[in-house]
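My notes are below as numbered points, and I hope they are handy as you look through the model.

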Amino acid sequence: MKMLETAVNEIETASELEKIINENENVMVCCGRMGPMCIPVYDDMEELEEERPDVKFYVMGFDTPEASPIRNAPMCRGFMGLPFTVYYKNGKMVKATTSLQDKDQIVSVLDQFFV
Amino acid sequence: MDEVFDVIILGAGAAGLTAGIYSSRARLNTLILNEGAIGGQMIMTDEIANYPGVETTKGFNVANIMKKQAKNFGCRIKSNIRIIGYNLTGNVKTVHLADGRSFQAKSVILAPGGKPRLLNIPGEEQFKGTGISYCATCDGDFFTGKEIIVVGGGNSALEEAVTLTNFASKVTIVHQFDIFQAFEHAIQEAKKNPNISFIMGSELREFKGNETLESVIIEKLSTGELSEMKIDGVFIFIGYLPNTESLKNIVMINQRNEIIVDQDMKTDVQGVFAAGDCIAKKYRQVTTAVADGTIAALSATEYLRS
């Protein structure tokens with residue numbers, strides 16, 4: 001069941017997440033709610049979808065049990081601020097950030113890991 | 001840069017979007033340039049319960065509807081841009097962006113809004129998201145059963161402190177003054193909550209920890225005495241700053257960095273108007289921003305047709 005009202009494609013299940021990260025070289029997933037720290041990141045991703053065709057952008061509801069691969073990821077240990085934003089390269093999580101990130105911060109991660 | 005708009009609106013919060021709705025509905029060729037997320041401070045508000053005619057709604061819903069209304073009337077919106085310069089004098093005003101583009105218009109409405117005030121003390125950036133939060137609704141449940149501090153003494157701080165007692169085992173409000181600025185009902189709600197305690201006349205000086213926040217240094221302002229307090233989390237609600245740094249020396253700004261306007265939202269520069277949280281005024285609400293945006297757009301329309 002979709003939980004987020006955004007134009008960015010939403011992943012609904014853990015198996016769907018697994019499939020996407022294994023079938024695409026560069027994937028960014030923002031796991032959050034419809035809250036003030038998350039919405040600006042979704043907006044940034046909406047714009048980046050046009051600017052960065054080399055990256056697949058997805059959102060995922062934080063409160064679904066299906067999001068446990070992100071919530072419980074070792075890279076997200078100690079995170080206490082939404083959203084959890086994770087970046088996958090060839091199926092492997094290479095970077096995770098917590099709380100609000102602006103577009104420049106996101107682009108900086110994309111440039112660093114998705115070259 | 002060939003196209004000259006009738007109106008460029010800088011900002012897409014409640015004031016900017018409202019101005020966009022009014023000016024584009026008046027058939028003015030309108031462009032909104034927005035440096036942040038569309039919706040501004042509205043999307044920082046989980047629930048809006050005092051917007052007349054709407055019993056209760058989410059801040060992002062109001063923002064999304066305003067955005068749709070503006071676009072439906074023909075308003076163009078460019079967000080996540082960065083403005084690096086202005087030339088607002090003369091009959092045609094120019095706004096320069098960091099990506100090299102420039103946009104021109106016959107009038108400009110400044111509605112850049114405000115941003116949450118930070119403490120700007122050591123450790124704040126390091127522990128953002130790993131113990132420091134600016135949103136109780138977003139992050140409250142990460143602190144279930146834990147002890148936290150809420151910094152601030154206004155309505156947001158006291159109301160969010162009460163909300164956070166639904167999660168945290170203990171909430172300590174740290175405030176720089178000996179009295180609160182919040183409305184009386186918010187003060188009473190906080191004071192009667194058995195899980196809230198108060199440290200008054202004090203300020204945080206440093207955040208400490210390893211992977212996550214572990215403690216804070218607090219200064220008692222009357223004595224200068226420093227003490228360390230073990231804590232799991234800190235929520236910061238210390239108000240907002242107007243986003244007017246780049247407008248200094250361009251329009252008249254007061255000591256609090258607020259743009260000075262008259263009752264028609266005119267600045268001291270001909271054809272330049274301002275609206276919303278960036279202007280000098282006492283009350284900052286979605287309703288007042290909407291009113292400011294309306295007046296600014298109507299004034300711009302009148303200016304362009306005169």
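1. Let me start with the parallel sheet of chain B. Five strands in the order 10-17-11-12-13 make up this open sheet of chain B, with parallel pairing (two strands pair if DSSP finds at least two bridges between them; helices, H or I of at least four residues, and strands, E of at least two, are DSSP runs numbered from the N terminus). Strand 10 (132-133) and strand 13 (196-199) of chain B are its edge strands, and each pairs on one side only. Strand 11 (residues 147-151) and strand 12 (residues 170-174) of chain B are parallel partners with five bridges, and B:Val151 has B:Val174 in strand 12 as its bridge partner.

2. A word on provenance before going further. This is a predicted model, in which local features need pLDDT of at least 70 and side-chain atom pairs count only at pLDDT 80 or more, while totals for chains, interfaces and linings use all residues. Residues are numbered from 1 along each chain as its sequence is written, and chains are lettered from A and ligands numbered from 1 in the order in which they are written.

3. Next, helix 4 (residues 155-164) of chain B. Its buried residues are B:Ser156, B:Ala157, B:Leu158, B:Glu160, B:Ala161 and B:Leu164 (buried: 20 or more other C-beta atoms within 10 Å of a residue's own; exposed: 12 or fewer; partly exposed: in between; C-beta atoms are placed from the backbone). Among the elements that cover these buried residues are strand 11, strand 12, helix 5 (184-191) and strand 17 (233-236) of chain B.

4. Further along chain B there is a run of antiparallel strands. Strand 14 (residues 202-209) of chain B is joined to strand 15 of chain B by seven antiparallel bridges, with a hairpin of three residues linking the two; B:Glu206 faces B:Ile217 across this pair. Strand 15 (residues 213-220) then runs antiparallel to strand 16 of chain B, with six bridges. In that pairing B:Val216 stands opposite B:Met229, and B:Ile218 has B:Ser227 as its bridge partner.

5. Strands 15 and 16 of chain B form a hairpin with four residues between them, and B:Gly224 in the turn has a positive phi of about 80°. How many of the six residues of strand 16 (residues 225-230) of chain B are buried? The count is zero, and this strand is hardly covered.

6. Chain B has two domains, domain 1 (4-116 + 240-305) and domain 2 (132-236), with bounds that come from an automatic or database domain assignment. Their centres, taken over C-alpha atoms, are 33 Å apart.

7. The largest nonpolar core has 119 residues, and B:Ile8, B:Ile109, B:Leu110, B:Val150, B:Val234 and B:Ala274 are those with the most contacts inside it (a nonpolar core is a set of buried Ala, Val, Leu, Ile, Met, Phe, Trp, Tyr and Cys residues joined through C-beta atoms within 7 Å). Helix 6 (residues 286-305) of chain B gives the most to this core, seven residues. Both domain 1 and domain 2 of chain B give residues to this core, so it lies between them.

8. Leaving aside neighbours within four places in sequence, its contacts include B:Val7, B:Ile9, B:Phe273, B:Ala274 and B:Ala300 (contact: C-beta atoms, placed from the backbone, within 7 Å).

9. Now chain A, which has an open sheet of five strands in the order 1-3-2-4-5, with mixed pairing. Strand 1 (10-11) and strand 5 (92-98) of chain A are at the edges with a single partner strand each, so one side of each is left without a neighbour in the sheet. Strand 2 (residues 26-32) and strand 4 (residues 84-89) of chain A run antiparallel and are joined by six bridges, with A:Val29 opposite A:Val86.

10. In helix 4 (residues 103-113) of chain A, the buried residues are A:Lys103, A:Ile106 and A:Leu110. Seen down the helix axis, these fall within an arc of 65°, so they line one face of the helix (the arc is that of the directions from the helix axis to the C-beta atoms). They pack against helix 2 of chain A, whereas the face turned away carries the exposed residues A:Asp104, A:Ser108, A:Asp111 and A:Gln112.

11. Finally, the contact between the chains takes 18 residues from chain A and 23 residues from chain B. Helix 2 (residues 39-51) of chain A provides the largest share of the chain A side, five residues.

Notes:
Two residues are in contact if their C-beta atoms, placed from the backbone, lie within 7 Å.
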